[in-house]
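Here are a few notes to read alongside the model.

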Amino acid sequence: MKKIALLIACFLQIAFLIYLIFTNQAILKTGEQYKFKVRPIDPYNIFKGRYLTLAFEEEQANPIYDCPKNSNNKSFAIITKDKNDFAQLQKITNIKPKENNYFELKTNYCQHKILGNFKFPFNEFYLQETMAKKTEEDYKESLKIKNNNSYALVRIQGGKAVLEDLYINDKSVNNNLQEKPKI
Amino acid sequence: MKDIKQINWLLKELPNLVKVGILNEDKVKEIENHYKLQLESHKPLNLAFIIFAIIGVIFIGGGILSIIAFNWSAINKEFKTVLALLPTLIAQLIGWFVFKKKMESIAWRESMSVFLFICLAASITLIGQIYHLASDYSSFILSLGLMSLPIIYIFRSSALVALSSGFIIPCFSNIENSIIFVIGICPFLYKVFQNKYSPSSYFLSIAMSVLWLFNEMFWTFSSCVDHNYCEINKFGKIINGICFVFLFFVGTLYFNDNKKHPLRIIGALGLFFTSYLSVFKSTQISNISNYPAISFNIVFLILMVIGTIYLIKTVSSDLFISEWCLLVYPIVALIEILIIKSSSTQSFLISTLYNLYFLLLAVSIIIKGNNTKELNIIATGSFLITLYIITKFISIQSDLITKGLICILIGACFLGFNFYMKKTIERGEKI
């Protein structure tokens with residue numbers, strides 16, 4: 001009996017991990033691409049080492065917000081694209097949208113339709129430790145360039161968002177800041 | 001200890017005595033039963049082996065993680081995904097081996113369960129890094145706890161209950177978020193605590209309180225590790241210190257029956273934690289004049305000091321050096337209030353004083369453990385020294401591969417020391 005229980009437990013653990021991999025892989029393959037204007041910061045954490053925390057321009061927006069009635073702070077951000085494929089935050093709501101152009105996020109507090117600060121759920125970018133500082137410095141350098149184009153490429157599907165890559169002035173961080181390949 | 005060596009020798013000799021016809025099988029069984037009871041009485045020593053085994057696997061697991069994390073960017077995504085599953089698969093294979101061959105050994109069961117927990121955490125973290133998933137600590141730890149539930153029951157692992165509940169429950173201010181996990185561990189806790197004086201219930205209650213305390217402290221004082229300074233009120237240090245000393249001596253005098261001494265343990269643990277936090281540089285300049293509700297605190301402090309002096313006077317003849325060391329903490333905290341104004345030299349001096357105090361405390365505990373031949377006490381002292389080394393090590397900025405190698409080295413030392421202790425005890429010698 002215990003032997004079967006152990007086998008089932010091991011199977012469930014592996015199944016959970018495979019589920020995590022497949023859901024994210026599926027979003028990366030078939031999800032719709034959005035660009036989010038970004039500002040990367042290189043923090044240091046004793047457990048995570050060096051990585052990049054991303055702050056987004058759209059997080060500063062003041063969207064229309066329906067305050068949730070219950071204590072559950074899960075909300076949905078509805079977004080659209082401009083002509084250059086950059087995402088624009090339209091609305092944050094606690095009612096699950098019927099369209100596919102939304103992602104889940106957690107909000108802190110809400111009173112009289114005024115929303116407290118919120119963060120997008122794809123605000124951490126992991127890369128080689130030595131690259132984190134360099135990427136931040138590259139970003140600072142890129143600010144000196146006119147029409148600097150630094151953004152995070154995010155795939156969105158069924159309310160889930162997965163960060164695909166980060167571009168510092170059109171150079172991919174995944175490809176060690178090489179030029180963006182022409183599609 | 002010599003008795004154990006002789007008993008072990010005698011038990012090994014018994015089959016020979018049967019062979020030559022001096023003893024018959026029935027007599028041999030009687031002798032075995034008689035002497036095995038004496039060996040059983042030394043079972044609390046197992047706790048030290050279990051603790052060392054658990055600490056060892058934690059270090060080795062952490063070290064492997066750091067090394068993998070360092071080489072992460074050199075590996076392609078598909079291979080990374082396979083690698084992410086590998087820690088869990090390896091831990092499960094070891095788990096299967098323990099299930100088949102070593103289920104009677106508590107040290108194996110407990111350390112394996114903790115190892116599986118860490119490997120599972122490692123796999124989830126690695127997948128999170130591959131897909132750049134922002135860490136949601138509460139849901140991460142909850143899913144980890146839920147997946148550990150079957151392991152807790154199959155391997156009857158008190159360490160895993162303590163570890164998972166110690167991290168999960170303080171994480172949620174609202175209990176409804178972790179209710180499935182809490183309900184899940186209740187039958188296990190009920191079974192263990194049916195006998196409140198058993199070694200398992202003793203171990204579980206201590207481990208859970210330590211981890212809860214650690215988790216609370218970790219979030220409150222995370223700045224200590226990240227920035228190497230703490231915001232602790234100096235006056236609060238004296239109040240806390242004297243309270244813990246008071247608890248310790250009340251426990252020594254009035255609640256010290258049958259080798260169970262909860263107040264002594266709470267007092268000692270409290271002092272370990274407060275003195276550990278004092279090892280960091282403190283930046284606050286809170287002084288007595290701006291401390292809230294100061295009049296009450298002063299009265300309380302005076303009462304506690306009088307009570308503590310009375311207790312110490314009563315038990316002073318039986319005190320070990322480590323117990324005198326515990327007493328010194330409030331005095332060091334008082335020196336800090338009296339001498340520190342703002343000078344950086346004075347800050348350095350007091351910081352050095354706290355560091356020396358913490359090391360002295362740890363060494364005195366090891367000496368006491370050696371004199372009384374109690375491995376649990378030696379383990380406590382060694383743990384404090386390890387904690388100190390890790391703290392200093394984390395605050396040094398070095399790359400992950402160095403950290404990983406040092407982690408593995410410390411873990412291997414623990415396992416080696418564990419092995420050495422076991423062999424020494426089996427031979428019946430003094431450590």
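1. Start with the interface: chain B and chain A bury about 3,400 Å² between them, with 66% of that on carbon and sulfur atoms. Buried area here is the accessible area (1.4 Å probe) that two parts lose on being put together, summed over both.

2. A word on ground rules: this is a predicted model, where local features need pLDDT of at least 70, side-chain atom pairs count only at pLDDT 80 or more, and totals for chains, interfaces and linings use all residues. Residues are numbered from 1 along each chain as its sequence is written, chains are lettered from A and ligands numbered from 1 in the order written, and side-chain values use heavy atoms, leaving out hydrogens and water.

3. How many residues of each chain are in contact? On chain B there are 38, touching 33 of chain A; contact means heavy atoms within 4.5 Å.

4. Now take one helix pair. The axes of helix 1 (residues 2–30) of chain A and helix 5 of chain B come within 10 Å and cross at roughly 10°. Axes are lines fitted to C-alpha atoms, for helices over the stretch in contact, with angles from 0 to 180 degrees between N-to-C directions. Helices are DSSP runs (H or I, at least four residues), numbered from the N terminus.

5. That crossing angle makes helix 1 of chain A roughly parallel to helix 5 of chain B, a label for angles under 35 degrees. Among the residues making the contact are A:Phe16 and A:Leu20 on helix 1 of chain A, and B:Leu120 and B:Ile124 on helix 5 of chain B.

Conventions: Helix = DSSP H or I, 4+ residues; strand = E, 2+ residues; numbered from the N terminus. Parallel < 35°, antiparallel > 145°, perpendicular 65-115°, else oblique.
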